[in-house]
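Walk me through this structure, from the whole chain down to single residues. Keep it brisk.

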Amino acid sequence: MTPFRGKLRIRHLEIVLAVAELGNLSKAAAQLHSTQSGLSRAIAEIEELVGARLFERTPRGTSCTPLGAAMCRHARLLLSGFRTAEIDLAAVLRGEEGSLTVGCFSMFAGWPVAEGARLFREAYPRIMLTLEIGTHEKLIEDLDAGALDVLISRFSATVNPQVYRSAPLLNDPVVLACAPAHPLAAQPGATLADYVRYPWITALPGSRIRGELENSLRQAGLAIPAMIGALSPEFGREMLLAGDYLWMLPGSVAAVGRARGDFHVLPCRPALKRSPLAAIWRRDRPSTRQARAFASLLAQVIQAEQLDLEA
């Protein structure tokens with residue numbers, strides 16, 4: 001029996017995570033609608049329950065001890081479990097048969113995931129469907145914590161195949177797109193040297209693909225263009241159509257946009273490694289029937305669109 005069984009509360013878990021993630025007691029107190037002194041007393045109470053210090057206080061902020069980091073891992077799992085239970089119970093109360101929570105890397109939130117979600121709702125109207133849109137790194141954390149049933153994202157070299165299994169959906173390159181009225185759209189012979197004279201919308205600073213892009217341009221002897229890091233399809237589309245920006249996109253998403261007349265896809269592209277889009281699960285958890293069905297419907301959407309584009 002653990003020393004804190006029956007004494008550790010959900011509020012305690014929320015406090016530990018807030019302090020760990022923000023690294024600052026005053027910010028954590030504001031987020032939790034508490035006072036800093038009240039939060040300090042709560043942390044002292046939690047540390048008494050677990051029998052050791054969870055945080056180190058320094059002039060630069062608050063950081064986790066090894067025990068604190070371990071408690072954060074368990075807190076994420078426990079809170080995700082409570083959230084999943086809450087969603088499932090709410091679904092049953094409404095007469096539904098369960099729930100499915102899908103994580104989606106933001107660049108695929110329009111096509112193909114929106115169409116896949118529509119088909120899933122038609123096929124499984126009594127399953128409550130929830131989509132979490134975000135960055136790959138944040139969604140992997142949510143998958144690890146049990147907050148997601150399946151993740152639709154790039155299965156890159158940073159994803160450990162011994163921890164995660166996947167069902168590949170497509171393997172497309174990264175391309176550059178511009179507005180149909182952009183000067184480069186009328187220059188089929190333009191090269192990357194011409195492209196870098198314009199500002200780009202790219203992956204976020206510090207991400208694997210952003211670093212790979214910058215290294216690729218340097219190795220080609222090209223200047224790094226002015227960049228805005230953004231993973232929002234809405235933001236990218238607005239910036240593209242309103243100015244001279246080039247937008248770095250998954251090739252499949254760009255092809256769909258081109259077919260709809262939204263933008264022009266440029267013929268040259270940076271030398272970047274391909275990472276397949278996949279449905280991703282953790283190996284230590286069984287995939288649900290609903291998750292497998294969603295992945296299957298998504299594969300059908302992708303295959304149908306590719307056939308239309310080839311026709």
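Predicted model: local features only at pLDDT ≥ 70, side-chain atom pairs only at ≥ 80, totals over all residues.

Residues are numbered from 1 along each chain as its sequence is written, and side-chain values use heavy atoms, with hydrogens and water left out.

Start with the whole chain. The C-alpha trace spans about 70 × 50 × 35 Å along its principal axes. The secondary structure comes to 11 helices and 12 strands. Helices (H or I, at least four residues) and strands (E, at least two) are DSSP runs, numbered from the N terminus. Of the 311 residues, 47% count as buried. Buried means under 20% relative accessible area, exposed means over 50%, and partly exposed lies in between (1.4 Å probe, protein chains only). Among contacts with a separation of 6 or more, 73% come from residues 24 or more positions apart.

Next, the domains. The assignment gives domain 1 (1–95), domain 2 (96–171 + 276–305) and domain 3 (174–266). Such bounds come from an automatic or database domain assignment. The centres of domain 2 and domain 3, taken over C-alpha atoms, are 26 Å apart. Between these two domains, 11 residues of domain 2 are in contact with 12 residues of domain 3.

Now look at a sheet. Five strands form an open sheet in the order β9-β8-β10-β7-β11, with mixed pairing. β9 (227–229) and β11 (264–265) stand at the edges, and each has a single partner strand, so one side of each is left without a neighbour in the sheet. Two strands pair if DSSP finds at least two bridges between them. β8 (residues 200–202) and β10 (residues 246–250) pair in the parallel sense over 2 bridges. Here tryptophan 200 stands opposite leucine 246 in β10.

A cavity is a set of points, on a 1 Å grid over the protein atoms alone, where a 1.4 Å probe fits but cannot get out; lining residues have an atom within 4 Å of a point. Grid points are joined across faces, edges and corners, and a volume is the space filled by probe spheres set on the points. The largest cavity has a volume of about 50 Å³. Its lining includes Arg83, Ser99 and Asp149. α4 gives the most to this lining, with 3 residues. Domain 1 and domain 2 both give residues to the lining, so the largest cavity lies between them.

Phenylalanine 108 is found in the loop between β3 (98–105) and α5 (113–123). Is phenylalanine 108 buried or exposed? It counts as buried because its relative accessibility is 0%. Leaving out residues up to four places away in sequence, phenylalanine 108 touches Val113, Arg154, Pro250, Ser252, Val253 and Leu277. Its C-alpha atom is separated by 11 Å from that of histidine 136, 28 residues apart along the chain.

Serine 216 lies in helix α8 (residues 208–219). At 13% relative accessibility, serine 216 also counts as buried. Beyond its neighbours within four places in sequence, serine 216 is in contact with Pro270 and Ala271.

Definitions and conventions
Contact = heavy atoms within 4.5 Å. 1 Å grid on protein atoms, 1.4 Å probe; cavity = no way out; pocket = protein on both sides within 12 Å on 5 of 7 lines; lining within 4 Å.
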